[in-house]
Amino acid sequence: MASSPPYPPRPGAAPGSTLRHPHWWQRPAVRYGAMVTLLALSGLVILALVREQTGTQGFLVGLGLAVLPVPLLLAAFRWLGRVEPGPWRNLLFAFAWGACAAALIAIVANSFATRWIATTTADPAGADTLGATVIAPVVEETAKAAAVLLLFLFRGRDFHGILDGVVAAGFTATGFAFTENVLYLGNAFGTDQLTGGSGVASVTAATFFVRVVMSPFAHPLFTVLTGIGFGAAASAADRRRVRRVLLPLAGLLLAMGMHALWNGSATLGRFGFIAVYGAFMVPTFGLLTWLVVWTRQRELRTVRTELPAYAVAGWLRPSEPFALGSMRARRLARKFAREHGGRPAARAVSQYEVYATQLAFLRHRGRAGKAGADFVTRERELLLELWHRRQAARPALEHAARLTAPRVPYGAGWAYGPVPAVWPPQGQPPYPAYGENPYRR
């Protein structure tokens, strides 16, 4: 049986040497523990604050109604990121940050700022308007953007482009909107209990229609603009530091502006909300939806374009680049693996698809002069991850390619064609010896 090349040494370690252990606060377990503790405490505090404002019954009603759009929104953002799905721990962190930490920051900061303005100006009505149109957009979008920033800084290997920013921002904003909807719907239910409102004419029904039916995408739409800025920054070369700073700031400012316009629609008269909704929100939603779907298709084209070089080198079979660049073929491959090898085989195929996609994106960034100093090390790591999963992945991808790709001559490269009887030709794929990053400029 062929054996794979040995793993490369850890970055920064000389041959035969060992690196010093990190300080206790640098250990992953300590960092994860601190973050989980912070989010848990924020969740408990936000739970107590919302329950205090809405009452127990209002809280339960708001919770039951606010949760309805959450699975649909999360599924939509997860679908957008299926080309290169990020780890679930990143997505869970983003959702928890939005629902707990960001919501807590927003409630405390908005209340404090509004009360200070009302006390200073002796104009409570004007303070409420200023708080809704200026303070809230700045505070809330900044609090939500913090989650995307943390993933951008500390989970850079999982943050490569626009779709990664969109998915992270979408999960964060969905969590934030969920907590906010619990508060609004709970307060609306409390108002109906005091006034005797019920049925379609109740405040709860009106709030549910506006926030859950008409505009469940409002907060995700705002924060996605920030995510696009971070995603564009992640796509830029490391040496372009000014661009990597300005792009997220531009996205954040756009998110604040759209949020302020949305909140300010209530002050534009009787039909202000409908006008802003129809003239700005819906077209922006449609434009951003087209942008992210187009980006998703472009990423699939990148996979089909970049992976043939590794098929020529012997790391992949000729049919794999096409299969890996088709979501239908990927799905068929996982299904085939599950039917013939069970869940472990399906998991191996899924991981193979993720690593192959990361490899394609890495090579694409390298050819564009955007790869970092660890290009060769990272490339080799990804190739070895593929090599370890080849037994489960290759038959599944071959089957998927046979079902989805037209038969063309073998020399066509990525498209499906006959496979040599012995593969790889020498039993072990030759590793392209670059020596150094050939794409560094």
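How many helices and strands make up the secondary structure of the protein? The secondary structure comes to 14 helices and 0 strands, where helices (H or I, at least four residues) and strands (E, at least two) are DSSP runs numbered from the N terminus. The structure is a predicted model, in which local features need pLDDT of at least 70 and side-chain atom pairs count only at pLDDT 80 or more, whereas totals for chains, interfaces and linings use all residues. Residues are numbered from 1 along each chain as its sequence is written, and side-chain values use heavy atoms, with hydrogens and water left out.

Along the sequence, the protein follows the pattern α-α-α-α-α-α-α-α-α-α-α-α-α-α. Of its 441 residues, 48% count as buried; buried means under 20% relative accessible area, exposed over 50%, and partly exposed in between (1.4 Å probe, protein chains only). Among contacts (heavy atoms within 4.5 Å) between residues at least 6 apart in sequence, 77% join residues at least 24 apart.

An unreviewed UniProt entry places the feature "transmembrane region" at residues 29-50, 56-80, 92-118, 161-179, 217-237, 244-262 and 274-294; such annotations may be inferred rather than shown by experiment. Residues 92-118 are 100% helix and 0% strand, with end C-alpha atoms 38 Å apart. Residues 161-179 are 95% helix and 0% strand, and the end C-alpha atoms of this span are 28 Å apart.

Two packed helices are described by the angle between their axes and the distance between the axes. Here the axes are lines fitted to C-alpha atoms over the stretch in contact, and angles run from 0 to 180 degrees between N-to-C directions. Helix α1 (residues 28-66) packs against helix α3 (residues 88-121) at an angle of about 45°, the axes being 8 Å apart. The two helices are therefore oblique to each other; angles under 35 degrees count as roughly parallel, over 145 as roughly antiparallel, 65 to 115 as roughly perpendicular and the rest as oblique. The crossing of α1 and α3 is left-handed, meaning that the near helix is turned anticlockwise from the far one by less than a right angle, with clockwise giving a right-handed crossing. Residues of α1 in this contact include Tyr32, Met35 and Leu49, and those of α3 include Arg89, Trp97 and Ile107. By class, the contact of α1 with α3 has 16 nonpolar, 3 polar and 1 charged residues. Ala, Val, Leu, Ile, Met, Phe, Trp, Tyr, Cys and Pro count as nonpolar, Asp, Glu, Lys and Arg as charged, and the others, Gly among them, as polar.

The axes of helix α4 (residues 124-154) and helix α5 (residues 162-195) come within 9 Å and cross at roughly 140°. That angle makes α4 oblique to α5, and the crossing is right-handed. In this contact, Glu140, Lys144, Ala147, Val148 and Leu151 of α4 meet Ala168, Ala169, Thr172, Ala173, Phe176 and Glu180 of α5. These residues divide into 7 nonpolar, 1 polar and 3 charged.

Histidine 259 is placed in helix α8 (residues 241-264) and is buried, with a relative accessible area of 2%. Apart from residues up to four places away in sequence, histidine 259 touches Pro137, Glu140, Glu141, His219 and Phe222.

Two loop residues were also examined. Alanine 122, in the loop between α3 and α4, has a positive phi of about 55° although it is not a glycine. Alanine 122 is exposed, with a relative accessible area of 65%. Leucine 68, in the loop between α1 and α2 (70-80), is partly exposed, with a relative accessible area of 48%. The C-alpha atom of leucine 68 is separated by 9.9 Å from that of proline 216, 148 residues apart along the chain.
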